[in-house]
Amino acid sequence: MCPKSRAALQALGADIARLVAIVARLSGANAVKVRLDRITNNACRLFHPDNVSLRLVCTYRGPATQWLPKEACDRSGIGSGNNDAIVRDWSRVQSLRPFWVGVMKGERWPGHQGGGLLHRSPPLETGDWRMFLALDPVE
């Protein structure tokens, strides 16, 4: 492995370790599930909440997570398989940027049932891919 690649991997590892510590502190969890994926498809294209207390996300390459403010979504459309049934105003869709960190409350956040942040993976162009990190407290 070349020195630049080794340094990049060490920097990525240090960043993930720092983010794991943040999730542990925010959630009070003793363990954190780490998922680092190379995403090459539009599998997570529908707006949805996560069935966790909280999730930290960071996209290191490619387009980053999109999310909806509460007033821009219709939660009754969740599960319909149709984003148009969920999104009231497409101009209100928000996007994180690569390397930005987002911490999202999920459906299992105390007192927040039915109010998890609606988000999705953005559509990918043919041949594009994302390097995506998701951290969940182990509950």
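Close-up 1. L26 is partly exposed, with a relative accessible area of 47%. This value, like the others in these legends, comes from a predicted model. L26 belongs to helix 1, which covers residues 3-27.

Close-up 2. Q66 is found in strand 3, which covers residues 66-67. Its relative accessibility is 13%, so Q66 counts as buried, the cut-off for buried being under 20%. The side chain of Q66 forms a polar contact of 2.6 Å with the side chain of R120. Neighbours within four places in sequence are left out of the contact list for Q66. The residues in contact with Q66 are then F47, V93, Q94, S95, L118, H119, R120, P122 and P123.

Close-up 3. A disulfide is a covalent bond between the sulfur atoms of two cysteines. Zero disulfides are found when the whole structure is searched. For C44, which is in no disulfide, the nearest cysteine sulfur is that of C73, 16 Å away. A disulfide needs two cysteine sulfur atoms within 2.5 Å. C58 is also in no disulfide, and the nearest cysteine sulfur to C58 is that of C44, 16 Å away. C44 counts as partly exposed because its relative accessibility is 32%. C58 counts as buried, because its relative accessibility is 2%.

Terms used
Residues are numbered from 1 along each chain as its sequence is written. This is a predicted model: local features need pLDDT of at least 70, side-chain atom pairs count only at pLDDT 80 or more; totals for chains, interfaces and linings use all residues. Side-chain values use heavy atoms; hydrogens and water are left out. Helices (H or I, at least four residues) and strands (E, at least two) are DSSP runs, numbered from the N terminus. Buried means under 20% relative accessible area, exposed over 50%, partly exposed in between (1.4 Å probe, protein chains only). A polar contact is a pair of N or O atoms within 3.5 Å; within protein, one must be able to donate a hydrogen and the other to accept it, and residues adjacent in sequence count only if both atoms are side-chain atoms. Contact means heavy atoms within 4.5 Å.
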